Amino acid sequence: MTNIKLQVNGMSCRHCVVSVEGALKDIGASGKVDLENGTVEVTYDENRITTEQIKAAIEEQGYDVI
């Protein structure tokens, strides 16, 4: 398993947490959002999921991955 931390703009509330973490779960990854720092720590299997897929899943929820 691989862990990455991504900076994400636009997250500000519990709904944002649920949206981002749910989108990651849908693609087979797990995520932990830190609203205070505007980050999400993602754990995923690099043999099944790419960082591009992770970023796309977050961006599809309306947030910007930096």
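## A buried serine

S19 counts as buried because its relative accessibility is 13%; buried means under 20% relative accessible area, exposed over 50%, and partly exposed in between (1.4 Å probe, protein chains only). S19 is part of helix α1. Beyond its neighbours within four places in sequence, S19 is in contact with Q61 and Y63, where contact means heavy atoms within 4.5 Å.

This is a predicted model, in which local features need pLDDT of at least 70 and side-chain atom pairs count only at pLDDT 80 or more, while totals for chains, interfaces and linings use all residues. Residues are numbered from 1 along each chain as its sequence is written, and side-chain values use heavy atoms, with hydrogens and water left out.

## Strand pairing

Helices (H or I, at least four residues) and strands (E, at least two) are DSSP runs, numbered from the N terminus. Two strands pair if DSSP finds at least two bridges between them. β3 pairs with β1 in the antiparallel sense over six bridges, and K5 has E41 as its bridge partner in β3.

Strand β2 (residues 30-34) also pairs with β3 in the antiparallel sense, over five bridges. Here G31 is bridged to V42 of β3. Four residues lie between the strands in the hairpin of β2 and β3, where G38 takes a positive phi near 65°.

## The nonpolar core

A nonpolar core is a set of buried Ala, Val, Leu, Ile, Met, Phe, Trp, Tyr and Cys residues joined through side-chain atoms within 4.5 Å. The largest one has 18 residues, and V40, I54 and I58 have the most contacts inside it. At least two residues of this core come from each of β1 (2-9), α1 (14-26), β3 (39-44) and α2 (51-59). α1 gives the largest share, four residues.

Not counting residues up to four places away in sequence, I54 touches I4, L6, L24, I27, V42, Y44 and I49.
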